[in-house]
Amino acid sequence: MGMTALAAGMLMAAYFLLPYAGGGLIQEKRFFGSVPKEVFDAVPARKKERFRGARLFAGAVVLAAWDGVRKGFGFWRFFVRFLAMLYIMELYDIGFFDWVLLCHSNFFPHFYPEVKGVVGPQLFGYNKKTHALHFALYVPVSAAMAGICLLF
């Protein structure tokens, strides 16, 4: 359970760094592909750069897989571990990105004054279909990752 929590924490850290790196440091419009259309349209195009911190996502999966192989996990333990990690990450996305950063903070207007007045509480839930799709897709993805781990 501790390793699952650590790996989920790594996913949340990587997810936390994405808007800061993409929005605040790199300032590349393509990182705003999942924001509401009004926000995307208000954000100006910037210089292209790559965020190396995204490797934390792969690191979390590799760490969780390595630990499970080392401990002799079967399919169901791997499946539950990966599903928990992905569901925790999705809930973090809803709670932190959507509720806090997008709807109740000055994060985006700080870096992009053009979106002042566009972002706010009225945007919460704009992507609920995407979140529902993610929750459904995480089941077969977790099963596939668990199956791959059994090969090692």
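**Arg81 and Asp67.** Helices here are DSSP runs of H or I with at least four residues, numbered from the N terminus. Both Arg81 and Asp67 are buried, where buried means under 20% relative accessible area, exposed over 50%, and partly exposed in between, with a 1.4 Å probe and protein chains only.

**Basis of the entries.** I am working from a predicted model, in which local features need pLDDT of at least 70 and side-chain atom pairs count only at pLDDT 80 or more, while totals for chains, interfaces and linings use all residues. Residues are numbered from 1 along each chain as its sequence is written, and side-chain values use heavy atoms, with hydrogens and water left out.

**The rest of the network.** Which residues are linked with Asp67 in a network of salt bridges? I find Arg70, Lys71 and Arg81 linked with it. The side chain of Arg70 meets that of Asp67 at 2.8 Å, N to O, and these two residues both lie in helix 3, 3 residues apart, about one turn of the helix. The side chain of Lys71 meets that of Asp67 at 3.5 Å, N to O. Asp67 has a relative accessible area of 0% and is therefore buried, whereas Lys71, at 48%, is partly exposed. My search of the whole structure gave 3 salt bridges.

**Asp93.** I then checked Asp93, whose place is in helix 4. Is Asp93 buried or exposed? Asp93 is buried yet has no salt bridge, and the nearest side chain of opposite charge, Lys128, is 15 Å away; for this search Lys and Arg count as positive and Asp and Glu as negative, while His and the chain ends are not counted. Leaving aside neighbours within four places in sequence, I list Tyr15, Asp98 and His131 as the contacts of Asp93, contact meaning heavy atoms within 4.5 Å.

**Helix 4.** Helix 4 runs over residues 75-103, which makes 29 residues, and reaches 39 Å from its first C-alpha to its last, close to the 42 Å expected at 1.5 Å a residue; the expected span is 1.5 Å times one less than the number of residues. I noted a bend of about 30 degrees at Phe97, taken as the angle between axes fitted to the seven residues ending there and the seven starting there.

**Core.** The largest nonpolar core has 34 residues, and those with the most contacts inside it are Phe82, Met85, Leu102 and Val115; such a core is a set of buried Ala, Val, Leu, Ile, Met, Phe, Trp, Tyr and Cys residues joined through side-chain atoms within 4.5 Å. Helix 4 gives the most to this core, with 13 residues.

**Leu86.** Leu86 also lies in helix 4 and, with a relative accessible area of 12%, is buried. Beyond residues up to four places away in sequence, I find Leu86 touching Tyr138, Val141, Ser142 and Met145.

Definitions and conventions: A salt bridge is a side-chain nitrogen of Lys or Arg within 4 Å of a carboxyl oxygen of Asp or Glu.
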